[in-house]
Amino acid sequence: MNYSLDTLLYGMQFRRLLEKEMQPLETQYGLQKIDIQILLYLKHAGGQNTSKDIMQLNMFTRGHISQSLGRLQKNGYIGMVQDQDDRRCTHNYLTEDAAPVIRKIERISRKIREIVLEGVTEEEQRALGSAAEKMNRNINKVL
């Protein structure tokens, strides 16, 4: 058994590093971990910006997503627009107030990436990326 591979796959060390680096941001802006994940998701989501789209990440429950979106809207980081065709559905978008938070999240994300990939060659990164894609496909087949 390769302990390093198991540690990477289960993500506990990475999660601890992420929590350590994000904690000051969470405190400064009164955010929770899910809020940060949703802000990042919406930054890159384009038109896939509904609660249902966020649920497809399979990371959060409907209730947690709803609570987070409410918090983010209350803090002025997101806006919501009702869908023209389905009145039960709302589209979520980032506001200008979210820009400084997003910049800090991305800065921290780059720092974490640099920490994790220090000493890993481009070739090793490509191989790891390829292997990760295959493993994700294998997992998704079962799920």
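A residue is called buried when its relative accessible area is under 20%, exposed when that area is over 50%, and partly exposed in between, with a 1.4 Å probe and protein chains only. By that rule, buried residues make up 28% of the 143 residues in the protein. The structure is a predicted model, in which local features need pLDDT of at least 70 and side-chain atom pairs count only at pLDDT 80 or more, while totals for chains, interfaces and linings use all residues. Residues are numbered from 1 along each chain as its sequence is written, and side-chain values use heavy atoms, with hydrogens and water left out.

## Overall layout

The protein has seven helices and two strands, where helices (H or I, at least four residues) and strands (E, at least two) are DSSP runs numbered from the N terminus. Their order from the N terminus is α-α-α-α-α-β-β-α-α, and the C-alpha atoms fill a box of roughly 50 × 35 × 25 Å along the principal axes. The accessible surface, found by the Shrake-Rupley method with a 1.4 Å probe, comes to about 10500 Å², and 52% of it belongs to carbon and sulfur atoms.

## Helix α5 and its surroundings

Helix α5 covers residues 62–74, and its 13 residues reach 18 Å from the first C-alpha to the last, close to the 18 Å expected at 1.5 Å a residue; the expected span is 1.5 Å times one less than the number of residues. Within α5, the residues I65, S68, L69 and L72 are buried. Seen down the axis of α5, the buried residues fall within an arc of 100°, so they line one face of the helix; the arc is that of the directions from the helix axis to the C-beta atoms. The face turned away from this buried side carries the exposed residues Q67 and K74. Among the elements that cover the buried residues of α5 are the helices α3 (33–45) and α4 (51–55) and the strands β1 (78–82) and β2 (90–94). After α5 comes G76, whose phi is positive, near 85°.

Leaving aside residues up to four places away in sequence, N92 touches L42, N49, T50, S51, L69, I78, G79 and M80, a contact being heavy atoms within 4.5 Å.

## Salt bridges

Side chains of opposite charge can pair when their charged atoms come close. A salt bridge here is a side-chain nitrogen of Lys or Arg within 4 Å of a carboxyl oxygen of Asp or Glu, and by this rule the count comes to five. The table includes three of them.

| Salt bridge | N to O distance |
|---|---|
| K111 and E21 | 2.9 Å |
| R71 and D35 | 2.9 Å |
| D86 and R88 | 3.1 Å |

R71 in helix α5 and D35 in helix α3 are 36 residues apart, and the pair links distant parts of the chain. R71 is partly exposed at 22% relative accessibility, whereas D35 is buried at 0%. K111 is partly exposed, with a relative accessible area of 40%, and E21 is buried, with a relative accessible area of 11%. K20, E21 and K111 are linked in a network of salt bridges. In the remaining pair of the table, D86 is partly exposed at 26% relative accessibility, while R88 is exposed, with a relative accessible area of 76%.
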